[in-house]
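Here is a friendly walk through one structure, with headings to guide you. Please keep the viewer open as you read.

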Amino acid sequence: MAEVTDDYTALITKAMRKNNLLSVDLAQNLRYQEVKATGHFKCPECEKGWTSVIAWIRIDFETKKLVRVYQQKCNKCSNPPPTTPTFYLRDMKTSINFAAGRVRSILGGTWVSGGSDGPPTKLLRNHIIELCEKCEYGANPYCTQGRRDNEWLDDSD
């Protein structure tokens with residue numbers, strides 16, 4: 001079994017170093033980065049477990065912390081509570097490196113707007129927006145329709 005942790009400071013620091021990023025050099029609009037990650041969920045009601053390649057995280061490159069982990073709901077329960085995913089280190093390393101590389105590309109002028117929001121993934125099933133916090137539980141199909149402008153800048157929630 002791969003290692004799971006809640007502290008990703010070392011991974012964020014290493015990704016920043018690899019991409020020559022200093023937190024003091026980042027403009028406010030680049031400080032927060034949201035990317036997809038592979039998350040592992042377990043419903044507290046029925047104990048069903050599932051894995052999603054569309055488990056969203058928000059990274060704060062200034063504090064080197066995850067400041068938001070989006071939840072999902074179980075598709076088996078009739079009124080499921082939101083569930084927070086856990087992440088394997090290898091999967092988080094990939095997502096954090098992607099986010100740091102995206103910032104480096106933006107700063108270097110080589111980022112293509114409308115590009116990917118995370119490492120390449122293959123969806124095995126349709127994304128059910130009513131079960132996804134990022135999609136506002138069906139109100140806004142964000143995950144399947146692309147990024148809303150400057151969404152990750154609002155860290156008040």
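The model is predicted: local features need pLDDT of at least 70 and side-chain atom pairs count only at pLDDT 80 or more, while totals for chains, interfaces and linings use all residues. Residues are numbered from 1 along each chain as its sequence is written, and side-chain values use heavy atoms, leaving out hydrogens and water.

The axes of helix 1 (residues 9-18) and helix 3 (residues 89-108) cross at roughly 40° and come within 9 Å. Axes here are lines fitted to C-alpha atoms, for helices over the stretch in contact, with angles from 0 to 180 degrees between N-to-C directions. Helices (H or I, at least four residues) and strands (E, at least two) are DSSP runs, numbered from the N terminus. On the helix 1 side, the contact (heavy atoms within 4.5 Å) is made by Leu11, Ile12, Ala15, Met16 and Lys18. Helix 3 brings Leu89, Met92, Lys93, Ile96, Asn97 and Ala100.

## Rings and a charge

How many aromatic pairs does the structure hold? There is 1 aromatic pair. The ring centres of phenylalanine 41 and tryptophan 50 are 5.2 Å apart and the planes lie at 5°, so this pair is stacked. Rings of Phe, Tyr and Trp (its six-membered ring) pair if their centres lie within 6.5 Å; planes under 30 degrees apart count as stacked, over 60 as edge-to-face and the rest as tilted.

Phenylalanine 41 is buried at 4% relative accessible area, and tryptophan 50 is buried at 15%. Buried means under 20%, exposed over 50% and partly exposed in between (1.4 Å probe, protein chains only). Elsewhere, lysine 134 lies over the face of tryptophan 56, 4.8 Å from the ring centre; this requires NZ of Lys or CZ of Arg within 6 Å of the centre and within 35 degrees of the ring normal.

## Loop residues to look at

Glutamate 47, in the loop between strand 1 (32-42) and strand 2 (49-60), has a positive phi of about 70° although it is not a glycine. Glutamate 47 is partly exposed, at 48%. Lysine 64 sits in the loop between strand 2 and strand 3 (65-69) and has a positive phi of about 60°.

Proline 85, in the loop between strand 3 and helix 3, is buried at 7% relative accessibility. Beyond its neighbours within four places in sequence, proline 85 contacts residues including Phe41, Ala55 and Tyr70.
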